[in-house]
Amino acid sequence: MAILFDWYELPEPKDKQREEKILHPRIRLNGSTSTAELRRRIQERCSLTKTDVSAVSHVMGEDLAEGRQVHLDGIGYFHPVLTSTEPVTAATKRKTTKIKLKGIKFRADQVLKNEIGAIKAKPLGLNEHSQKLS
């Protein structure tokens, strides 16, 4: 099946307004795959059990919680990203209490990109999304 997408205008600062808006394609996700489904499909292709596959996420979580980057061969790199809960200056007291986990960033390995190969992209027939982002 093709990847479904629609075109969007991104807002521009008022000082950089263009006469003709630049459009960007945005994917319309075609569902999701659950962990249980991934476990089952991985188990079908190798000797790992579903429990073995589950253990990977626990070990990854431990390493990410310690600030390590995790590399899965053929998949990619994961690393934690932090943010502050409020504006912090040099004079801010107890700076370390103002930090929280923002998320986990992922960068795909070339092997995974090659596995996807050439894609088929199909524009959505109906514009179900707003044209402009605010």
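Before I go on, a word on the model. It is a predicted one, where local features need pLDDT of at least 70 and side-chain atom pairs count only at pLDDT 80 or more, while totals for chains, interfaces and linings use all residues. Residues are numbered from 1 along each chain as its sequence is written, and side-chain values use heavy atoms, with hydrogens and water left out.

The space in the largest pocket comes to about 780 Å³. Of its 18 lining residues, Leu 38, Ile 42, Val 56, Leu 72 and Ile 75 are the closest to its centre. A pocket here is found on a 1 Å grid over the protein atoms alone, as an open set of points with protein on both sides within 12 Å along at least five of seven lines, and lining residues have an atom within 4 Å of a point. Grid points are joined across faces, edges and corners, and the volume is the space filled by probe spheres set on the points.

Which helices supply at least two residues each to that lining? They are helix H1 (35-45) and helix H2 (50-65), and H2 gives the largest share, 5 residues.

Now the whole chain. You can find 3 helices and 6 strands in it, and along the sequence the pattern reads β-β-α-α-β-β-β-α-β. Both kinds of element are DSSP runs numbered from the N terminus: helices are H or I with at least four residues, strands are E with at least two. Of the 134 residues, 13% are buried; that means under 20% relative accessible area, with exposed being over 50% and partly exposed in between, using a 1.4 Å probe and protein chains only. Among contacts with a separation of 6 or more, 45% join residues 24 or more positions apart, where contact means heavy atoms within 4.5 Å.

Is Phe 78 buried or exposed? Its relative accessibility is 17%, so Phe 78 counts as buried. Leaving aside residues up to four places away in sequence, Phe 78 touches several others, including Met 60, Leu 64, Leu 72, Ile 104 and Phe 106.

That brings us to the aromatic pairs, and the count is 1. The ring centres of Phe 78 and Phe 106 are 4.8 Å apart and the planes meet at 45 degrees, so this pair is tilted. Phe 106 sits in strand E5 (residues 99-108) and Phe 78 in E4, so the pair ties together parts 28 residues apart in sequence. The rule takes rings of Phe, Tyr and Trp (its six-membered ring) with centres within 6.5 Å, and calls planes under 30 degrees apart stacked, over 60 edge-to-face and the rest tilted. Phe 106 itself is partly exposed, because its relative accessibility is 42%.

Last stop: Arg 94, in the loop between E4 and E5. Arg 94 is not a glycine, yet its phi is positive, about 50 degrees.

Key: 1 Å grid on protein atoms, 1.4 Å probe; cavity = no way out; pocket = protein on both sides within 12 Å on 5 of 7 lines; lining within 4 Å.
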